[in-house]
Amino acid sequence: VSNFGFIYFGSDATSEVNLFCTAQGAYEDMYEEDDTLGCKVLLAKYHRSPATLRLGADINQTVIERKTFKSAELASGRNLHDQTKVTLKNFRKAKSFSEKYLDEGGLPKLSGQSVEQVVDSILQDMWDHEKNAK
């Protein structure tokens, strides 16, 4: 196995796959404890699956090594380019929605409205826009 492969699929403590599959290091904040399931689950913002991904059951080293990636999940040059274009489109759309809620100085237009409320409003507008665009 090449050095690159050993880092990602090795059995040592520095294996990135091992750290991800055990929710350690930089990957610890990507999981939350689900009391109903009695285990850690991967936060929804980190995956595209409609299902809840459980640590140890749905996410483990064997599953990761054997996973057949779909085209949207591959880090090919074409996919990275396409995802960048989508990200820029969404950023521009969110910026246009933000003009409804923020003044030129970046402060909320409505007095008493918090930054979190502005972000929630923009996210709701983005959701409505995407839902109606399909």
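In which helix is the place of valine 119? The legends below give the answer and then move to other sites.

**Figure 1. Valine 119 sits in helix α5.** Helix α5 covers residues 115-133. Helices are DSSP runs of H or I, at least four residues, and strands are E runs of at least two, numbered from the N terminus. Valine 119 is partly exposed, because its relative accessibility is 42%. Buried means under 20% relative accessible area, exposed over 50%, and partly exposed in between (1.4 Å probe, protein chains only). Together with Val115 and Leu123, Val119 forms a nonpolar surface patch of about 280 Å² accessible area. Patch members have over 30% relative accessible area and no salt bridge; like charges are joined within 9 Å, nonpolar side chains (Val, Leu, Ile, Met, Phe, Trp, Tyr) within 5 Å. Areas come from the Shrake-Rupley method with a 1.4 Å probe; for residues, only the protein chains shown count as cover.

**Figure 2. The whole chain, as a predicted model.** Residues are numbered from 1 along each chain as its sequence is written, and side-chain values use heavy atoms, without hydrogens or water. In this predicted model, local features need pLDDT of at least 70 and side-chain atom pairs count only at pLDDT 80 or more, while totals for chains, interfaces and linings use all residues. The protein chain has five helices and two strands. Their order along the sequence is α-α-β-β-α-α-α. Of the 134 residues, 22% are buried. The chain exposes about 10200 Å², and carbon and sulfur atoms supply 56% of that area. Contact means heavy atoms within 4.5 Å. Among contacts between residues at least 6 apart in sequence, 34% join residues at least 24 apart.

**Figure 3. Phenylalanine 97 is buried in helix α4.** Helix α4 spans residues 77-98. Phenylalanine 97 counts as buried because its relative accessible area is 15%. Residues up to four places away in sequence aside, phenylalanine 97 touches Ile122, Asp125, Met126 and His129.

**Figure 4. Salt bridges of the chain.** Side chains of opposite charge can pair when their charged atoms come close. A salt bridge here is a side-chain nitrogen of Lys or Arg within 4 Å of a carboxyl oxygen of Asp or Glu. The count is three. Aspartate 125 pairs with lysine 100 at 3.0 Å, N to O. This pair links distant parts of the chain: aspartate 125 is in helix α5, lysine 100 in the loop between α4 and α5, 25 residues apart. Aspartate 125 is buried at 13% relative accessibility, whereas lysine 100 is partly exposed at 48%. Glutamate 99 meets lysine 95 at 4.0 Å. Glutamate 99 is partly exposed at 47%, and lysine 95 is partly exposed at 47%. Arginine 54 bridges to aspartate 58, with closest N and O atoms 3.0 Å apart.

**Figure 5. Aspartate 34 is buried without a salt bridge.** Aspartate 34 lies in strand β1, residues 31-34. The nearest side chain of opposite charge is arginine 54, 8.8 Å away. Lys and Arg count as positive, Asp and Glu as negative; His and the chain ends are not counted. A polar contact of 2.5 Å joins the side chains of aspartate 34 and threonine 36. Such a contact is a pair of N or O atoms within 3.5 Å; within protein, one must be able to donate a hydrogen and the other to accept it, and residues adjacent in sequence count only if both atoms are side-chain atoms. Beyond neighbours within four places in sequence, aspartate 34 contacts Cys39 and Val41.
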